[in-house]
Structures are given as structure tokens and as C-alpha cells.
Amino acid sequence: MKKFLFLAVLFIGFSVTAQEEVKLTWLTDFEEAKKISKKTKKPILIYFTGSDWCPPCKMLKEDFFYTEKFQKKAENFVLVMADFPRRIDIITVDQREENIKLARKYNTKSKFPNIVAVDHKGKEIDNIMSYNMMRDTSRHYKFLEKIMKKY
């Protein structure tokens, strides 16, 4: 019984810790993101994802976006998520239409996951597509550094 209680407390502790680490603000309104970008002088990262069907997107979320290291880097960016779920109840019809507009301009190859960096005017700076099954995020961190140098 003591072992079970210990394991339960340990599991709950890890769950709470994992939830506390994720403190990112993802916008879904690109026009609002451009205004914030202009005001703060930060580039915009648009994350194209299929949140409920894309295994590499789920892995990238876990391995890259929801880490302390990215959380610190994220302070230098305005974050926008353009989700393309298969389940229709995850986002609104209006949001789906806005995401499609964004994809037509910035994700023309329909690759997921895809991260596109743009300036406050919406001009593309650079992009990085896909995520490897080795779960190596070094390429993504190099991408962030490259964007910060260019911006």
C-alpha cells in the first residue's frame, strides 16, 4: 500500500511539473500577431500543425515547443498556431478558414509540421519543415538562432 501511495504521489508530482513548464501564448489571429510584432519588434513564428493526426507534429510539440529551453527562446518571438485538425470540434469554422488563408501563403507545400518565420509586415524570413524520427531538435534551435540574427 505504501509503494502504491508513493507511486501515485510521484506520478501526480510529475504531471503537475510537466503542466507548469508549458507557459506559451499561441495566438490564432495573424493580424493581431503582426500588430504585436511591430510594437515589440519581434519576428513571428507560425506553426502549421495537424494536432490530432500528425505524429511528427505531436513529437515536435513534446520535444521542442513544450520544453523550458524553447520557453526561454519564445520570449523573442510572437507565436502563431495554425492548426489543421481532422476533428471538426477542435477549432471553429472561422478559424479553419483563417488557417487555410495562412497556409495558402506560407505553407504552399502543405507540409506538417512546418514553422515559418515572418516579419511584422508578413514578409517571410525563413522556414523549417518536418521533424525527424530521431527526435533531434538541434536543427530547430539553429533555425531560431538564424531568425534572431536576421531580424
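The protein chain contains six helices and four strands, where helices (H or I, at least four residues) and strands (E, at least two) are DSSP runs numbered from the N terminus. Read from the N terminus, its elements follow the order α-α-β-α-α-β-α-β-β-α. The model is a predicted one, in which local features need pLDDT of at least 70 and side-chain atom pairs count only at pLDDT 80 or more, whereas totals for chains, interfaces and linings use all residues. Residues are numbered from 1 along each chain as its sequence is written, and side-chain values use heavy atoms, with hydrogens and water left out.

Of the 151 residues of the protein chain, 38% are buried, that is, under 20% relative accessible area, with exposed meaning over 50% and partly exposed in between (1.4 Å probe, protein chains only). The accessible surface amounts to about 9,800 Å², and carbon and sulfur atoms supply 58% of this area; accessible areas come from the Shrake-Rupley method with a 1.4 Å probe, and for residues only the protein chains shown count as cover. Among contacts (heavy atoms within 4.5 Å) with a separation of 6 or more, 68% join residues 24 or more positions apart.

The largest nonpolar core comprises 22 residues; such a core is a set of buried Ala, Val, Leu, Ile, Met, Phe, Trp, Tyr and Cys residues joined through side-chain atoms within 4.5 Å. Leu45, Phe65, Phe70 and Ile115 touch the most other members. Two or more residues each are contributed by strand E1 (44-49), helix H3 (55-65), helix H4 (68-74), strand E3 (114-118) and helix H6 (138-150), and the largest share, five residues, comes from H3. When neighbours within four places in sequence are left aside, phenylalanine 65 is in contact with Leu24, Trp26, Tyr47, Leu60, Phe70 and Ile115. A second, separate core of 15 residues includes Phe48, Phe84, Ala103 and Val118.

Helix H2 (residues 30-40) has Phe30, Ala33, Lys34 and Ser37 as its buried residues. These residues lie on the same side of H2 because they cover an arc of only 100 degrees around the axis, the arc being that of the directions from the helix axis to the C-beta atoms. The cover over the buried residues of H2 includes E1, strand E2 (78-83), helix H5 (93-106) and E3. The exposed residues Lys35 and Lys39 are carried on the face turned away from the buried side of H2. Just after H2, lysine 41 adopts a positive phi of about 60 degrees.
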